[in-house]
Amino acid sequence: MRVVASTVVLSAIVLGQTAGYIADAAETPHTPPTILLIWEQAPEFEYVQQVNRGFRDHLEQASKHATLFIEYQDELRFGDRPVHGREFLHWLHQKYAAHRIDLIAVAAQTTLLLVTSRSEDMWPGVPVTYGTLGHMSSD
């Protein structure tokens, strides 16, 4: 599993790391690459909405269009149950079973740890990129 680390403002992921994957991701010229963006936070936070707009704006302007799916783990409200993360990841895998995922982007260290601990049959070989608005530890 390949993880690309970045501790910059999340919209920079779109401008930098994600762009390279978009260029290489499509299997055919007629199939746009697909990005799954997973947030630890809930969608009503203003900064979450701003970064989502940044992702969408960048993808609309890219020479190779991509499909963007956005999901919210909402750890603040539902993370008090130890199994929440695993159940959420399993639900995402079922939800997107009919879609090819070319890149997983995550927006917090907790979500990064969850995604990188997934079983090998969940999106095998799909690269993961991450960013944070806060501090990121190396563990």
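Residues are numbered from 1 along each chain as its sequence is written, and side-chain values use heavy atoms, with hydrogens and water left out. In this predicted model, local features need pLDDT of at least 70, side-chain atom pairs count only at pLDDT 80 or more, and totals for chains, interfaces and linings use all residues.

The protein chain contains five helices and five strands. Helices (H or I, at least four residues) and strands (E, at least two) are DSSP runs, numbered from the N terminus. Along the sequence, their order is β-α-β-α-β-α-α-β-α-β. Of the 139 residues in the protein chain, 46% are buried. Buried means under 20% relative accessible area, exposed over 50%, and partly exposed in between (1.4 Å probe, protein chains only). Contacts are defined by heavy atoms within 4.5 Å. Among contacts with a separation of 6 or more, 74% join residues 24 or more positions apart. The accessible surface of the protein chain is about 7,600 Å². Carbon and sulfur atoms contribute 54% of that surface. Areas come from the Shrake-Rupley method with a 1.4 Å probe; for residues, only the protein chains shown count as cover.

The average pLDDT is 76, and 73% of the residues score at least 70. Over residues 1-17, pLDDT stays under 50. The model has 48 contacts beyond four places in sequence for this segment. Where pLDDT is low, the predicted coordinates should not be read in detail.

Helix α2 spans residues 46-61, 16 residues in total. Its first and last C-alpha atoms are 23 Å apart, close to the expected 22 Å. The expected span is 1.5 Å times one less than the number of residues. Val48, Val51, Asn52, Phe55, His58 and Leu59 are the buried residues of α2. They lie on the same side of α2, because they cover an arc of only 130° around the axis. The arc is that of the directions from the helix axis to the C-beta atoms. Glu60 and Gln61 are exposed on the other side of α2.

Helix α4 (residues 84-95) has 12 residues and reaches 16 Å, close to the 16 Å expected. Its buried residues are His84, Gly85, Phe88, Leu89 and Leu92. These fall within an arc of 130° seen down the axis of α4, so they line one face of the helix. Their cover includes β2 (34-39), β3 (67-72), α3 (75-78) and α5 (109-116).

Glu40 sits in the loop between β2 and α2. Glu40 counts as buried, at 16% relative accessibility. Beyond residues up to four places away in sequence, Glu40 touches Gln73, Asp74, Glu75, Ala107, Ala108, Thr110 and Thr111.

A salt bridge requires a side-chain nitrogen of Lys or Arg within 4 Å of a carboxyl oxygen of Asp or Glu. Three salt bridges are counted by this rule. Lys95 and Glu71 meet at 2.6 Å, N to O. This pair links distant parts of the chain, with Lys95 in helix α4 and Glu71 in strand β3, 24 residues apart. Lys95 is partly exposed at 42% relative accessibility, whereas Glu71 is buried at 7%. Arg100 pairs with Asp102 at 2.8 Å. Glu46 pairs with Arg53, with the closest N and O atoms 3.3 Å apart.

Key: pLDDT = per-residue confidence, 0-100.
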